[in-house]
Amino acid sequence: MLTGHGGNLSEIAREFGLAPDKIIDFSSNVNPFDYPPELEQYLASNLNAIRRFPETNSQYLGRKLSEIHNCAPEQILVGNGSTEIIYLIPRAFSAKWTLIVAPTYADYADAVLFAGGRVDYFFAKRQQAFQPDLPELEKRIDGHDLVFLCNPNNPTGRLLEPELLRKVMRRFPAVTFVLDATYSEFVGVQTSRQALFDLGNVIELHSLGKIFAVPGLRLGYSICSGELNRRMLKYKEPWTVNTLAQLAGEFLLRKKSWVTESRRAIAEEMDFLRKSVSEISSLHLFDSQTNFCLFEILNPEVDATFLKDMLLQKNMLIRDCSNFAGLSDRFFRIAVQKREKNQMLLAALREILEEN
Ligand SMILES: Cc1ncc(COP(=O)(O)O)c(C=O)c1O
C-alpha cells in the first residue's frame, strides 16, 4: 500500500484509547445493518473446515456466483477482497499507461505503481458535481492500455448510466476497462446495476464485504470474458481465499432478501440525511445513489481534518477526503448508519459548523 487508506478503526481507537466498538464508524462504506445473524452459527459449526486446504481458486463459490450472474464459471475470479484483483490486474496485463477516472479510490493508482506502470488522471469537475464528462473522457483514452472507473464512484457516490459507459467501452476494444462495481449492490434500481462484463474488454469488480458487512473476511470477485480471466489466473497466487471465507461466501449468497431489505432501508436513511442536511447552511451534500455520500464544507473556518478531530472527540469517525487526488480539505465522506447514529452525527455537525 503506497498512499494509504482512510479511517482505520482499530488504529484510531488505539490512538484515542477507546475500544473500536465505542467509535461510531461513518468512515467505512459498509452496510450498517450488519451481517445476517445466522452467519455466526454457520461458521462456528463449520470451524473444523480449517483443517483442510481451501480450494485453490474458490471454484465452488465461483460456480455459485456464475449462476447468479448468468455467466460461465470460467468468467469468475474470486479474490481476497476485490483488492486482490485490483492489484492483480496491472501485473497480469503489464499495463504501461493507465487512466484513472478521478476523484476516486486510491488503490487503483497504488496497484498500477506497484506493478511498475504509470498513471494519468481524468478528473471529474466540482462544477459538474463530479459527474465525469464522457465525451471529454473519450478524448483522453487513446494511448492508455488500462482504464479504471468506479461506478457508483467512491467517494462521490455518482452513478453513471451503464448504457452510456457501454458506448464508451465499445469504442476502444483494445483498451481494458476495469469497472469497479463494488457499491452497485447498494443501488436499488435494477437497470442501474446492469452488468457490462459481456463486453470483451471489461473486468467488472464486486465485493461481498461491503453489502454483507463482513469486510474482515476479505471476499470479492471479478467477472469478465474467459480470455481476460485466463490471463489473470496465470498471475494469481493459489489459496488466497481461506476456507472459512469461501464457506461464508456460499452461505451469504443465499441471503437475497437481506440484500433487498438493506438496500431499501439504506435508501430511506439516505433520504432522511438529505432532507436534514439541507437545513445546515454550511454544508453541501452531493447527490449519491449508494450507501455513502460526499460533503463539501462551506464554512471557511473549518476544514475536513479539523472536523474529523472534533467529531472524534464525540466518538464519531468520518472520512477526511483531503488526500483524494482531485479533492481538497473542504471535502469529507460518510457512510449512512442507522437512524439514531445519523441523528447524532447531524447534531454534532450543526454544533461544530455553526459554532466555528
Ligand atoms: C471502490 C472500492 N473498491 C474496492 C474496495 C476494496 O474492497 P474489498 O474489501 O472487497 O477488497 C473498496 C474498499 O473500500 C472500495 O471502496
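Which residue just after helix 5 takes a positive phi? Gly116 does, with a phi of about 85 degrees. The model is a predicted one, in which local features need pLDDT of at least 70 and side-chain atom pairs count only at pLDDT 80 or more, while totals for chains, interfaces and linings use all residues. Residues are numbered from 1 along each chain as its sequence is written.

Helices (H or I, at least four residues) and strands (E, at least two) are DSSP runs, numbered from the N terminus. A residue is called buried if 20 or more other C-beta atoms lie within 10 Å of its own, exposed if 12 or fewer, and partly exposed in between, with C-beta atoms placed from the backbone. Of the 8 residues of helix 5 (residues 107-114), 6 are buried, so this helix is largely enclosed by the rest of the structure. The buried residues of helix 5 are Asp107, Tyr108, Ala109, Asp110, Ala111 and Val112. Their cover includes helix 4, strand 3 (97-102), strand 4 (118-123) and strand 5 (146-150).

Two packed helices are described by the angle between their axes and the distance between the axes. Axes are lines fitted to C-alpha atoms, for helices over the stretch in contact, and angles run from 0 to 180 degrees between N-to-C directions.

| Helix pair | Axes come within | Crossing angle |
|---|---|---|
| Helix 4 and helix 5 | 8 Å | roughly 40 degrees |
| Helix 4 and helix 9 (residues 226-235) | 9 Å | roughly 100 degrees |
| Helix 11 (residues 256-277) and helix 13 (residues 339-355) | 11 Å | roughly 20 degrees |

Angles under 35 degrees count as roughly parallel, over 145 as roughly antiparallel, 65 to 115 as roughly perpendicular and the rest as oblique. The axes of helix 4 and helix 5 cross at roughly 40 degrees, which makes helix 4 oblique to helix 5. On the helix 4 side the contact is made by Thr83, Ile86, Tyr87, Ile89 and Pro90, and on the helix 5 side by Asp107, Tyr108, Ala111, Val112 and Phe114; two residues are in contact if their C-beta atoms, placed from the backbone, lie within 7 Å. This contact of helix 4 with helix 5 has 8 nonpolar, 1 polar and 1 charged residues.

With helix 9, the axis of helix 4 crosses at roughly 100 degrees, and helix 4 is therefore roughly perpendicular to helix 9. Here Leu88, Ile89, Arg91 and Ala92 of helix 4 meet Arg231, Met232, Lys234 and Tyr235 of helix 9, and the residues of the contact divide into 5 nonpolar, no polar and 3 charged.

## Helices 11 and 13

Helix 11 and helix 13 cross at roughly 20 degrees, and they are therefore roughly parallel to each other. Glu269, Phe272, Leu273 and Ser276 of helix 11 make the contact with Arg339, Asn342 and Leu346 of helix 13, which by class gives 3 nonpolar, 2 polar and 2 charged residues.

## Backbone details in the loops

The loop between strand 5 and helix 7 (162-171) holds Pro152 and also Pro155. The peptide bond from Asn151 to Pro152 is cis, with omega near -5 degrees, and a cis peptide bond likewise joins Asn154 and Pro155, with omega about 15 degrees.

Ala213, in the loop between helix 8 (208-211) and strand 8 (220-223), is a residue other than glycine with a positive phi, near 55 degrees, and counts as buried with 21 C-beta neighbours inside 10 Å. Trp239, in the loop between helix 9 and helix 10 (243-252), has a positive phi of about 60 degrees although it is not a glycine; with 13 C-beta neighbours inside 10 Å, Trp239 counts as partly exposed.

Definitions and conventions
Ala, Val, Leu, Ile, Met, Phe, Trp, Tyr, Cys and Pro count as nonpolar, Asp, Glu, Lys and Arg as charged, and the others, Gly among them, as polar.
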